[in-house]
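I opened this model to look up its strands, cores and pockets. My entries follow in the order I made them.

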Amino acid sequence: MRAAPPPLAADTTALSRLLGTVLDALREGAQARGGPLPAGGPEAVARRVREALGEPLPETGRGPQEALRTLVRVLAEGAADPADPLCAAHLHTPPLALAAAADLAASALNPSMDSWDQAPAASALEAEVTAALAAEVFPGTAQPDALVTTGGTESNQLALLLARERHGNGLRTVVGANAHHSFHRAAWLLGLPEPVTVPTPSGTMDPEALHEALARTDEGPVLVAATAGTTDEGLIDPLPALADVCAAHGARVELHVDAAYGGPVLFSRTHRRLLDGLDRARTVTVDLHKLGWQPAAAGLLAVRDAADLAVLGHTADYLNADDDTEAGLPDLLGRSLRTTRRPDVLKTAVTLRALGRTGLGALVDRCMDLAQDLADRVEKAPGLDLKERPTLTTVLFRPAGAGDEAVAAIRRTLLAEGRAVLGRAGADGRLWLKATLLNPQATPGDLDRILTLVEGSTHR
C-alpha cells in the first residue's frame, strides 16, 4: 500500500504545524549563533552545514519535521542576521514581520504572474499597487507605470533595454564612476558599447563633467544614468542640475536614475527633498527590500510614460492568445522579461496598507537619524576619523592613523569572531569601514558597541 502524499500548502492545518517547527528552529539557531553572524569563518560554517545536511539526496527521507528542524536551524545558526544591530555592512534590510508573513501567503497560494488564469487577484493587485508607486515617483504625470523586478540590477537592465528599443544599438550610456556595476553588465548583455564613465572624485557626478562628456560623444542617442544613493557612500547625485544638463543637450539625451537605495526616501516628509529632480527622469529604479524593509526581492522600475513598456509585449498562445486578450483577459507577459514570477507585490501591498506613507516615512527618518547619531559619535571619538556627514544611512569611518591593510584586517577579524558585520568602501584613495544603518530598532547603545569593537580591534 502506497503512503499518502505529503500535505500541500493549501492544507492550512498541516502548514500551521510545520510553521511551529520553523519558528522554533529559527529561535534555536539564533540562540546558538549568539551574535550578528557565526564565528569561525567560512570553513567552520561550511563544516557545520555539511554535518547537519548529511547526504543531500538520501535514498529514504527523514520526514518533514526533522528536515525543517535540522536545516532551518543550521541556516539560522549560520546566518548573517540583518535584524542584529551589529550586522550593518550592506543594503540588506531586516524585513518587517508583516511583510514576511505576507510572503508566506504568496508562497502558499503560489500564483504565477505570467497569465491571468494563474493569478486573477494577484494581477489586479499588482496593477493597482504599481500604479500608485509610479505616481509617487512621477507625481502629476499623466500615465506613469512601474514593473515589479527582482531588484536594482534587473531594473537598471530593463531601463537600458527600453532605451535601446527606443533608439537602437547606437545608444551610448554615460554613468558616473560612482554608479552601480550593473550598468556595465547590462550594456554587455544588451550588446551596447561599454558605458562612458564620468569621474566622480567628490563621490557624486558633477554637472559640468557630465556636460563635457556629452559634448565629446557623437550626435547619437545617450542614456545618462545618475544615482540616488550610491552603494559605497550613500550619496545622491545633484539630480536637478544633471536633468538640466540632459535637457540642454536636447531630445537625444535621456535621464535614468538608479534610486535603488534612496528611492524609498520619498515616503519621508522630512527628507524627500533630497530626491528633488527625480521626477525629471524617464525611468527610475527603486528597491523596497532596502529602505522599505521587504523580504527580497521587491524591486521596481518606474517609467514616466507607460507607453514605453509596449516594446516588452510578447505572445505565447498558451498564456496570452490574441482571442483571449481581445475577450478581455489581461495580458501579463509584457510586465516582465521573466515568465514564471512570484506575486512579490503582495508583501509590499500589505506593508503599504498597514503602515501607510506616514509609517514608512517614520522608519526612514529613524534610520536617517541613527546615521547622524553614529557620525556624531565618531566625530567625538579621538581615535576615529569620519569620512563626512552621511546623506542617507551610510557612515564611513576608520581608526585614526591606520593604514588600509589594518582597516581591512579589523573588518575581517570582527567577521571571523562573529562579533560585527561592517562593510568596506574605497573613498579619497583610502579604505574605510562602512556602517549601513537599516535597522530601525537599533539603539544608541548599539552604535556605541560598534565603535567599541572597532577601537578594541585596532589596539590588538
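**Entry 1: Thr173**

I found Thr173 in strand E3, residues 172-176. Helices (H or I, at least four residues) and strands (E, at least two) are DSSP runs, numbered from the N terminus. This is a predicted model: local features need pLDDT of at least 70, side-chain atom pairs count only at pLDDT 80 or more, and totals for chains, interfaces and linings use all residues. Residues are numbered from 1 along each chain as its sequence is written, and side-chain values use heavy atoms, with hydrogens and water left out.

Is Thr173 buried or exposed? Thr173 counts as buried because its relative accessibility is 0%. The cut-offs are under 20% relative accessible area for buried, over 50% for exposed, and partly exposed in between (1.4 Å probe, protein chains only). I then listed its contacts (heavy atoms within 4.5 Å). Beyond neighbours within four places in sequence, Thr173 touches Leu160, Pro195, Val196 and Leu223.

**Entry 2: strand E7**

I moved to strand E7, residues 283-287. Five of its five residues are buried, so E7 is largely enclosed by the rest of the structure. Thr283, Thr285 and Asp287 point one way, Val284 and Val286 the other.

Next I checked pairing, which requires that DSSP finds at least two bridges between two strands. Strand E6 (residues 253-259) runs parallel to E7, with four bridges. Val257 has Val284 of E7 as its bridge partner. Strand E8 (residues 299-303) is antiparallel to E7, with five bridges. There, Val284 stands opposite Ala302.

**Entry 3: nonpolar cores**

I looked up the nonpolar cores: sets of buried Ala, Val, Leu, Ile, Met, Phe, Trp, Tyr and Cys residues joined through side-chain atoms within 4.5 Å. The largest holds 55 residues. Which members touch the most others? They are Leu210, Val224, Val257, Leu278 and Val284. Helix H12 (residues 345-380) gives the largest share of this core, seven residues. Another core lies apart from it, with 29 residues, among them Leu386, Val395, Phe397 and Leu437.

**Entry 4: Thr351**

I stayed with helix H12, which holds Thr351. Thr351 is buried, at 2% relative accessible area. Leaving out neighbours within four places, I listed its contacts as Leu96, Leu98, Ala99, Gln294, Gly356 and Leu360.

**Entry 5: the largest pocket**

I ran the pocket search on a 1 Å grid over the protein atoms alone; a pocket is an open set of points where a 1.4 Å probe fits, with protein on both sides within 12 Å along at least five of seven lines, and lining residues have an atom within 4 Å of a point. The largest pocket has a volume of about 1,100 Å³. Of its 32 lining residues, Leu26, Pro95, Leu96, Ala100 and Pro295 are the closest to its centre. Helices H1 (12-33), H3 (64-77) and H4 (97-109) each give two or more residues to the lining. H1 gives the largest share, seven.

**Entry 6: the open sheet**

I traced an open sheet of five strands, in the order E1-E11-E12-E10-E9, with mixed pairing. Strands E1 (87-88) and E9 (384-386) are at the edges with a single partner strand each, so one side of each has no neighbour in the sheet. E1 runs parallel to strand E11 (residues 421-427), joined by two bridges. Ala88 stands opposite Leu422 in E11.

Terms used: Points joined across faces, edges and corners; volume = space filled by probe spheres on them.
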